[in-house]
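Mentor: Welcome! Let us explore this structure together, one question at a time.

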Amino acid sequence: MNVKIGRKVYDTDKSRLVAQRALSCYGDPAGFEERLYAKAKDDYFLFGQGGETSAYPQPSIVAVTVDQARDWLLAYAGEEAAAVEFAAPAVPAAKKSTAKSALKTTAKKPSKKA
């Protein structure tokens, strides 16, 4: 399913499924299924579908913020899943200085006195 919201197109076929949950069972009019997708870095959306009296009576896509995605993941998939999805990127190691560059000094040439 794909939906255009504002200037962005959200497509379940082209996005990465992060986690999903199901409330109740198939055929329950109040039951529904919800899936969290990552479209790109820091760009998440929820896809939901369910019975006629559920939160998703029609298949729907809802754009969510990073904080909303993290909260949803914590609530329904747990801390471990949230830690994996929202892990801080590794900080690149500082450039090591070489001994030669550390010892390099600028020296003035002695002046010639006549």
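Predicted model: local features only at pLDDT ≥ 70, side-chain atom pairs only at ≥ 80, totals over all residues.

Trainee: Is Asp42 buried, exposed or partly exposed?
Mentor: The relative accessibility of Asp42 is 48%. Buried means under 20% relative accessible area and exposed means over 50%, with partly exposed in between (1.4 Å probe, protein chains only). The value for Asp42 falls in that middle range, so this residue counts as partly exposed.

Trainee: In what order do the elements of the chain run?
Mentor: There are 3 helices and 6 strands in the chain. Helices (H or I, at least four residues) and strands (E, at least two) are DSSP runs, numbered from the N terminus. Reading from that end, the order is β-β-β-β-β-β-α-α-α.

Trainee: Back to Asp42: which residue forms a salt bridge with Asp42?
Mentor: Asp42 sits in the loop between β4 and β5, and has a positive phi, near 60°, though it is not a glycine. A salt bridge here is a side-chain nitrogen of Lys or Arg within 4 Å of a carboxyl oxygen of Asp or Glu. With the closest N and O atoms 3.5 Å apart, the partner of Asp42 is Lys41.

Trainee: Is Lys41 buried or exposed?
Mentor: Its relative accessibility is 73%. That is over 50%, so Lys41 counts as exposed.

Trainee: How many salt bridges does a search of the whole structure find?
Mentor: Side chains of opposite charge can pair when their charged atoms come close. One of the pairs joins Arg70 and Asp67 at 3.0 Å, N to O; both residues lie in helix α1 (residues 66-76), 3 residues apart, about one turn of the helix. The search of the whole structure gives a total of 6.

Trainee: Glu85 and Arg16 form a salt bridge too, so how far apart are the closest N and O atoms?
Mentor: Glu85 belongs to helix α2 (residues 79-85) and Arg16 to strand β3, so this pair links distant parts of the chain, 69 residues apart. Glu85 counts as buried at 18% relative accessibility, whereas Arg16 is partly exposed at 44%. Their closest N and O atoms are separated by 2.8 Å.

Trainee: Which residues of the largest nonpolar core touch the most other members?
Mentor: A nonpolar core is a set of buried Ala, Val, Leu, Ile, Met, Phe, Trp, Tyr and Cys residues joined through side-chain atoms within 4.5 Å. The largest one has 13 residues, with β4, β5 and α1 each supplying at least two. Those touching the most other members are Leu36, Tyr44, Leu46, Val64, Ala69, Trp72 and Leu73.

Trainee: How many residues are in the second, separate core?
Mentor: Among its members are Tyr10, Tyr37, Phe47 and Ile61. The number of residues in this second core is 5.

Trainee: What separates the C-alpha atoms of Phe32 and Gly50?
Mentor: Phe32 lies in strand β4 and counts as buried at 11% relative accessibility. Leaving out residues up to four places away in sequence, Phe32 is in contact (heavy atoms within 4.5 Å) with residues including Arg21, Leu23, Gln49, Gly50 and Tyr56. Phe32 and Gly50 are 18 residues apart along the chain, and their C-alpha atoms are separated by 3.8 Å.

Trainee: What is the volume of the largest pocket?
Mentor: On a 1 Å grid over the protein atoms alone, a cavity is a set of points where a 1.4 Å probe fits but cannot get out, while a pocket is an open set with protein on both sides within 12 Å along at least five of seven lines; lining residues have an atom within 4 Å of a point. Grid points are joined across faces, edges and corners, and a volume is the space filled by probe spheres set on the points. For the largest pocket, this comes to about 220 Å³.

Conventions:
Residues numbered from 1 in each chain as written. Heavy atoms only, no water.
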